[in-house]
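Hi,

Here is the structure I said I would pass on.

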Amino acid sequence: MSVARVTPILPVELGAGPFAISTKGLNKRYGSIQALAGLDLDVPEGGVYVLVGPNGAGKTTLLKVLMNLIRFDGGRARLLGLDTRKQGALVRAQVGSVPEDHSAGYEWMRIGRLLEHCSAYYPTWDQEYANRLAAKLEIDLTRRCAQLSKGQARRVQLLLALAHRPPVLLMDEPTDGLDHVARDGMLELLAEHLTDTPTTALISTHRVYEIEKLVDHVGMIRGGRLLAQMPTDVLRSRLRRYSAALPEGWQPNEKDPGGTLTRRAGLGRAMEWTVWGEEEKVVAELSGAGAHLQEITPLSVDDAATALLSTWET
Amino acid sequence: MKNMDLHPTPTFRAVLVEQIRVVGPTLKPLGVIFGGLFGLGTILILLNRPPDPVSFELNYFTLSVMALFGVAIPLFLWRGEESPFRSGFPWTLPVEKAQHALARVGAGWVWLMVAVVVFILWQAVNTLLSGGTLGGSETWLLAAPAGTVEDRMDPATMTSVVWSQPGWLFLVPFVGATGVYLLISALFLAIRHPGRWVVGTLLGLLVVTLITSRAGFNWLDDVAGGTLNSLLGGRYGLSTFIGGGTFEASATRLPSGTEVLVWLSLPTFGRWAMAVALWSTAAIAALGLAVFRHRDGRGGQAPT
């Protein structure tokens, strides 16, 4: 059984920065749909920030706004200090992007020619690196863009995003369409790139578990609003699962610790809580209520995000 | 991060050169279509061996075909993801969007000029293959001053003039095709769904015409016709701009029954130049406004 509790107050501030990406009160409306509703988001310089949220939360819209591919209605967005609305071209020169869709380049173009094409547009293009990436990603340079499968197009998009060694990566579901082997290879490559090249990455994904090792910050959005953003260390230390055996006559609703997101009954008299709060305080509350704590486990970023977002959904 | 650490954007020249390289293959299907048609034309000339040589002249037909290139190229240039109204691949590149659109227009124009040159050369080759000669002159029948061309005319009301194509007429296909190309490009850059607008406008005109005809008058002829005629066939109309005045001929029949082509007036440079000034201004203004829609915003270009 899962019981929704009152949503705890979660951090939305990441301190003073410096931030590679920063939005303030960002608004974007598509007709009657409010895609972004005053979004305040900060991505620390050099960080790998994963953006999670349900479908229609505004993740893709945000990434497009940051590249000035769509215009927003209000607020402001900055990338490396550049105004994304007024300095779109310069912003895009700083960005390597993996877009939501799986189209790569011009349909008639061969991949080898596409790389040459991009090298004309990015003065910082590193052809040697591009060739290495193509080899590692097993990209056939003689194929035409229109002939690529979903996974192959994704690999080409990754190559194009990395080969000019941009200071910022914006990735929308980067592992979408990849099989397990390709996905692992791509993540390994991305990890190497992040080590070799000083980069800030903003990754939007529903599959946080795939990139969890790379991530150091997490942001959650829903309905175009930021619900929380924090370092993953904070998320792991503050959001935990507590398993306990309950005494006779336990009244759960009254004795749940503060910050409880979910409570689930286990076998026999066992109970499991997912709680946002300081471990010592939660332990003291549960012990004080007579529960015999058996296990405390940190949640993965993926599970934590799911727990927090499902709480808000209710 | 300090601005000096920012990655630069490419120069406009680099973008233009790359766009010229990219637009060529984009227009390949169009080249195949026109190439096929022209190839077929040449084969027919060779097979049939016409008794009279194919004339090498820039007339209303050949000039219209070249102006048609100016319509066809934008259709291929801005389709699908390459439309600036979609955030497809080309628009994710680090170039100010209005400049990128202009570079693409410029690249398309280069290929348009190539197409015009190829067409003129093709005409010249056909003339030579059919036994004709380049240059030379011919005799035209000219209607009496400010006269009109009737269905049947007395030769006494006409004068004969010896006509050879003036040098400026060779500018007409290049300038005319360019103007048409810029206007159609402006349409594609200004309107998200130009096809829908064109069809919608035509349907709208049809509906208005049907309604007004029931009310007893032909709106298209009585109201819009005059404006439309001036715009398309007037002294400085589109036909003068793309045809250099070569549209001024009409067929008539002599009392003997022979059909001849009678000219209302000879093409003159002054009239064409005036049409060029008007239509070029309109085309450049339209393109400027259309491109302005897609600008990224002020400033932002880092020195390369």
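Predicted model: local features only at pLDDT ≥ 70, side-chain atom pairs only at ≥ 80, totals over all residues.

Below is what I found, going from each chain to the contact between them and then to some details.

Let's start with chain A. It has 11 helices and 14 strands, and its C-alpha trace spans about 75 × 40 × 35 Å along the principal axes. Of its 314 residues, 46% count as buried. If you take the contacts in chain A between residues at least 6 apart in sequence, 73% of them join residues at least 24 apart.

Chain B has 304 residues, and 30% of these count as buried. You'll find nine helices and four strands in chain B, and along the sequence they come in the pattern α-α-α-α-β-β-α-α-α-α-β-β-α. The C-alpha atoms of chain B fill a box of roughly 85 × 55 × 35 Å, again taken along the principal axes. For contacts in chain B with a separation of 6 or more, residues 24 or more positions apart account for 79%.

Now, where do the two chains meet? The contact takes 32 residues from chain A and 29 residues from chain B. On the chain B side, helix 1 (residues 12-26) gives the most, with four residues. Sorted by class, that side of chain B has 13 nonpolar, 10 polar and six charged residues.

Back in chain A, there is a split into two domains: domain 1 covers 19-231 and domain 2 covers 234-313. Their C-alpha centres lie 36 Å apart. They do touch, with 15 residues of domain 1 in contact with nine residues of domain 2. On the domain 1 side, the elements that give two or more residues are strand 3 (48-52), helix 7 (208-211), strand 9 (217-222) and strand 10 (225-231) of chain A. Which of these gives the most? That is strand 10 of chain A, with four residues. The domain 1 side divides into 12 nonpolar, one polar and two charged residues.

Chain A also has an open sheet of four strands worth a look, with the order 12-13-11-14 and antiparallel pairing. Strand 12 (260-265) and strand 14 (292-298) each have a single partner strand, so they stand at the edges, and one side of each is left without a neighbour in the sheet. On average, neighbouring strands of this sheet are turned by 20 degrees against each other, direction ignored. If you zoom in on strand 12 and strand 13 (residues 270-276) of chain A, you'll see that they run antiparallel and are joined by five bridges.

Finally, one residue in chain B: B:A103, which is found in helix 4 (residues 97-129). Is B:A103 buried or exposed? It has 23 other C-beta atoms within 10 Å, and the cut-off for buried is 20 or more, so B:A103 counts as buried. Leaving out residues up to four places away in sequence, B:A103 touches B:F12, B:V15, B:L16 and B:Q19. By contrast, B:A143 is 40 residues from B:A103 in sequence, and the two are 46 Å apart in space, C-alpha to C-alpha.

Cheers

Conventions: Residues numbered from 1 in each chain as written. Chains lettered and ligands numbered in written order. Contact = placed C-beta atoms within 7 Å. Nonpolar A, V, L, I, M, F, W, Y, C, P; charged D, E, K, R; others polar. Domains from an automatic or database assignment. Pairing = 2+ DSSP bridges. Axes fitted to C-alpha atoms, helices over the stretch in contact; angles between N-to-C directions. Buried ≥ 20, exposed ≤ 12 C-beta atoms within 10 Å, placed from the backbone.
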